[in-house]
Amino acid sequence: MSAETPAATAGPALETDGLSVSYGHTPVIEELTLAVPRGSVYALLGRNGAGKSSLLRVLLGQRPAAKGRVRLLGEDPWTRRTSLMARVGVVPEEPDAPPEMTASQLSSFCARLHARWDAAGVAERLRRFEVPVDRAFGRLSKGQKGALMLSLALGHSPELLLLDDPTLGLDVVARDAVFQEVIGDLADRGTTVFVSTHDLRAIEGIADHVAILHGRRLALAGRLEALKAERGLSLEQMFASVAGTRAADAPFTEARS
Amino acid sequence: MSKLLAVAARELSERWLLFPAALAVGCFPLILPAFGLERDIMPVIGVVSAVLLGAAAGLITGASMLARDAANGRLAFLFSRPVPWPAIWGGKWVAALVLVAASGLLAAVPWMVGYPLSTVGGRHGDSWFRAMLDGPGALFLFMVAILAVGLANFSATLFRSRSPWVAADLVLLLGAFWATRRYVAPLWLFGVVRVRSGWEVVLAIAPLAIGLLAGSVAQVAVGRTDVRRAHGALSLGFWAVVGVTLVSAAGSAPPVPPT
């Protein structure tokens, strides 16, 4: 394992500076600048097509930025993806595991890919989420798939957890289970959580920072309580006031953090 | 290396059904005498079916190993874990080539057990096997395996990406045909190059195999989980090798006499 540089241990867990993302000549994110403090639960909000998943792909080193700078735990995810993924856990919007593998096979497979792997911890989470360990991934329900992906994402005790709309399509019980796991298990360990979501009510109770993407740009970002106090609005009202406007009218506001 | 093997093992376990299928195909020559065919034809039928099954395994695996996994999001499962791209690329290719070889060999086992070549008398079987197992023969089969996997991967990527690169590939393909006819064919015509031995056959198809391998390296290293981006990288890698080969051939081509 390589020695960690000072940049890798200090500063924000996630940082973008003037980041633009595009598919060919079609821009999906422009001039995005944000910083996610270590240990925070940071919610990224935005309507469908706002560019949340595209941003996640850049953060995960799966596609390069068109312009600007990205740092994950102090490192460039495009060039340092392999070492970063040992410190980052990911729950994708669409669960992407091989459909023929069971939960226990997936855990064993991941154990071969990570230098450290808490198989007992994964098994305990799967038991708590009531995920059948011997059923093929492709035959699990959407909620079970999400719970399994979360369990696998936590198997190597990541410093940073990236969740891409993890509760999309889940029922209330499954949704609560996911967020309870995030609150109960991770807050105590100081894991940074960066979550993109539509689930405003659920995230309002656990996020301490929030950012809203609208019209390809960052429309609002900051500490949630400060934003609410400053505007006298709930998160839902704030989202409606920002994301409900036309792109050109969306104001960028950064609350003091 | 352990991650490459982990990826390869997973790919093999996903396609384990090819192994019993190969054994079943291998049993086919054993029933031929029941239909009045002479016993000595069995090795010929057996070798042909083993080679065809190996090629089919290559096409099936090549079509699914990268393009399908990228298109349905499953490649992201590996890319969001600490697996370097060479391990992903290598694991996929190792598994594909093992599947081709294992399918071919397993398809040969049943009839070889039932009718050992020594009992056949060597009219057909011995010569076939000697040709296949000498140096150029084995290398030729290896190249064919790479071509089967690589061409299937290229076609599947082209089909799934539906990007502007599809048009570019077609134009480049036509250009490559024209350049081959214009610059490479005269090399044979005027005797500059003669394919006489097995090694020269291997050398003749090597650029295509190298191009497909180089393209798929770019596909994984640069394209990663994005199938359109992967198509662009694959095309650039492949056509770069083909282009260099054709330019080299053009450099050695004799002047075409006026007609």
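## Before we start

Residues are numbered from 1 along each chain as its sequence is written, while chains are lettered from A and ligands numbered from 1 in the order in which they are written. Since the model is predicted, local features need pLDDT of at least 70 and side-chain atom pairs count only at pLDDT 80 or more, whereas totals for chains, interfaces and linings use all residues.

## Two chains side by side

Let's begin with the secondary structure. Chain A has ten helices and ten strands, and chain B has 13 helices and zero strands. Here helices (H or I, at least four residues) and strands (E, at least two) are DSSP runs, numbered from the N terminus. The C-alpha trace of chain B spans about 60 × 55 × 30 Å along its principal axes.

A residue is buried if 20 or more other C-beta atoms lie within 10 Å of its own, exposed if 12 or fewer, and partly exposed in between, with C-beta atoms placed from the backbone.

Contacts tell us about the fold too. Two residues are in contact if their C-beta atoms, placed from the backbone, lie within 7 Å. Among contacts with a separation of 6 or more, residues 24 or more positions apart account for 72% in chain A and 85% in chain B.

Three strands of chain A form an open antiparallel sheet in the order β2-β1-β4. Its edge strands are β2 and β4 (67-72), each pairing on one side only. On average, neighbouring strands of this sheet are turned by 25 degrees against each other, direction ignored. Two strands pair if DSSP finds at least two bridges between them.

Strand β1 (residues 14-23) pairs with β2 (residues 26-36) over seven antiparallel bridges, and A:Glu15 has A:Ala35 in β2(A) as its bridge partner. These two strands form a hairpin with two residues between them, and A:Gly24 in the turn has a positive phi of about 65 degrees. Five bridges join β1(A) to β4(A), also in the antiparallel sense, with A:Thr16 opposite A:Val70 in β4(A). Helix α2 (residues 52-59) of chain A lies across β1, β2 and β4, running at about 115 degrees to β1(A). Such angles run from 0 to 180 degrees between N-to-C directions, and axes are lines fitted to C-alpha atoms, for helices over the stretch in contact.

## Two helices crossing in chain B

Now look at helix α3 (residues 42-65) and helix α10 (residues 135-161) of chain B: their axes come within 7 Å and cross at roughly 35 degrees.

Ala, Val, Leu, Ile, Met, Phe, Trp, Tyr, Cys and Pro count as nonpolar, Asp, Glu, Lys and Arg as charged, and the others, Gly among them, as polar.

## Where the chains meet

The contact between the chains takes 19 residues from chain A and 19 residues from chain B. On the chain A side, α3 (81-85) and α4 each supply at least two residues, and α4(A) gives the most, with four. That side divides into ten nonpolar, four polar and five charged residues.

## Two residues in loops

Why does A:Ala207 count as buried? A:Ala207 is buried because 24 other C-beta atoms lie within 10 Å. A:Ala207 is in the loop between α8 (200-204) and β8 (209-214) of chain A. Beyond its neighbours within four places in sequence, A:Ala207 is in contact with A:Val41, A:Tyr42, A:Ala43 and A:Leu224.

A:Glu93, in the loop between β5 (88-91) and α4 (103-113) of chain A, counts as partly exposed because it has 18 C-beta neighbours inside 10 Å.
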